[in-house]
Amino acid sequence: MKAYSFIDTDAHVEECEETWNYLDGDFRSRRPLPVTLASAPARGNMNSFWLIDGKTFPQPVGRGASVFATPATCEAGLRKSFSRESQELTDVKARLRDLDAAGIDVQVIFPTVFLVPLTDEPRFEAALARSYNTWMAEVCRKAPDRLKWAAMMPIRAVDEAVKEVSRARALGAAGVLIYGTVGDQLLNEPGLDPFYAAVCDSGLPLCIHLGWSFPALNQACDNVYASQVISSSMPIPLAFFAIVSGVLDRFPGLRVGFFEGGAQWIPYLVDLMDHYYEVDSGLGWGTLPKKMPSEYLKDGNLYVTCEADERLLPCVLELWGEDRVMLSSDMPHSELRDNAKAEILRRTDVSEATKKKLLVENARAFYGIK
């Protein structure tokens, strides 16, 4: 087994109290508070949560369920093999030791708490994003060659998101982050165009991550299992549909990556989109992309992360292109595999040259990491 470098394209931080130290003005009094219960049988091992305007996040029981291990004081966080300090990035050296143990040279870090909508107020959401981004910039400056970060975008307040793109670039972000929908709206809504224009001008890649961004879809799920399989995962295919169905026609220079949704949905969805493109192209609907959906995969600006053990990975590589599929660790989340790098290196149905692309070269191209 050859030893390759590994750029981890999607890891996470479990936010801590310091995350909110940079809240603006009037929003400081609404600072998220970490709460831990000594006993919370209904919540399982998620006995810690963020209290925001009287609501708790995550909410692992009932309709609209969500699950994650921030604050890291919950039982699920304390049982992990990673120290609390590594999870929270309050001790950067501890995280670097975990990177070394996993054979990771560079890690791009995403938030955790924003996987769910935290407020119905777009301006408050923007303030939370700004505080997170300022905090992450400070943390990653302690190890800039190894720790990178994706800046959270307050996409529901488009004017604020436009300003935050510019600020994120100045702070040194590796990319800008949104989720698969904006509430019940797809990402090809024309009202989002100023944001896409700002991203194109910045030269940063757009990262679209798995998450509970579609509240109505999440309300259809009354337990964690359903919410993980359906409401957190389905927005990724919805995002691909939207980006190909309009956004890339208006912004052909946009570089987009789809994160943590796996890649096995790609053959099904691309074939389905191609099928109905042919069916509908003669009907004069006027709402189709400018070309066959599968043709956009040849343009070179769509990237996706795969799971190391996906059975359909060879098919995905053939359809999507082996130069634009990347690998991630998901550190320190519960879905973290023993070692994604080792898993991909053990595969016999992926060539050695392709393994090197999955581990380092494609991530280098997507994020512009030198």
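## About the model

This is a predicted model, where local features need pLDDT of at least 70, side-chain atom pairs count only at pLDDT 80 or more, and totals for chains, interfaces and linings use all residues. Residues are numbered from 1 along each chain as its sequence is written, and side-chain values use heavy atoms, with hydrogens and water left out.

## Helix α5

Let's start with α5, which covers residues 158–171. Helices here are DSSP runs of H or I with at least four residues, strands are E runs of at least two, and both are numbered from the N terminus. At 1.5 Å a residue, the 14 residues of α5 should span 20 Å, and the end C-alpha atoms are 20 Å apart, so the two agree.

Which residues of α5 are buried? They are Glu160, Ala161, Glu164, Val165, Ala168 and Leu171, where buried means under 20% relative accessible area, exposed over 50%, and partly exposed in between (1.4 Å probe, protein chains only). These buried residues pack against α4 (122–140), β6 (147–152) and α6 (193–202). Contact, here and below, means heavy atoms within 4.5 Å.

## Two helix neighbours

Two packed helices are described by the angle between their axes and the distance between the axes. The axes are lines fitted to C-alpha atoms, for helices over the stretch in contact, and angles run from 0 to 180 degrees between N-to-C directions. For α5 and α6, the axes come within 8 Å and cross at roughly 10°. That makes α5 roughly parallel to α6; angles under 35 degrees count as roughly parallel, over 145 as roughly antiparallel, 65 to 115 as roughly perpendicular and the rest as oblique. On the α5 side, Val158, Ala161, Val162, Val165 and Arg169 meet Pro194, Phe195, Ala198, Val199 and Ser202 of α6. By class, this contact has 8 nonpolar, 1 polar and 1 charged residues. (Ala, Val, Leu, Ile, Met, Phe, Trp, Tyr, Cys and Pro count as nonpolar, Asp, Glu, Lys and Arg as charged, and the others, Gly among them, as polar.)

Now for α4: its axis and that of α5 come within 11 Å and cross at roughly 5°. So α4 is roughly parallel to α5. Here Arg123, Ala126, Ala129, Arg130, Asn133, Thr134 and Ala137 of α4 meet Asp159, Glu160, Glu164, Arg167 and Leu171 of α5. By class, the contact of α4 with α5 has 4 nonpolar, 2 polar and 6 charged residues.

## Histidine 12

Histidine 12 sits in strand β1 (residues 7–12) and is buried, with a relative accessible area of 0%. A polar atom of the histidine 12 side chain lies 2.8 Å from the backbone oxygen of proline 111. The side chains of histidine 12 and histidine 209 are joined by a polar contact of 3.3 Å. (A polar contact is a pair of N or O atoms within 3.5 Å; within protein, one must be able to donate a hydrogen and the other to accept it, and residues adjacent in sequence count only if both atoms are side-chain atoms.)

Leaving aside neighbours within four places in sequence, the contacts of histidine 12 include Arg95, Glu260, Asp330 and His333.

Aspartate 330 counts as buried at 6% relative accessibility. Aspartate 53 also isn't a glycine, yet has a positive phi of about 50°; at 44% relative accessibility, aspartate 53 counts as partly exposed.

There are cis peptide bonds too: phenylalanine 57 to proline 58, with omega near 5°, and threonine 70 to proline 71, with omega near 0°. Proline 58 lies in the loop between β4 (55–57) and α1 (75–78), and proline 71 is found in the loop between β4 and α1.

Conventions: The expected span of a helix is 1.5 Å times one less than its number of residues.
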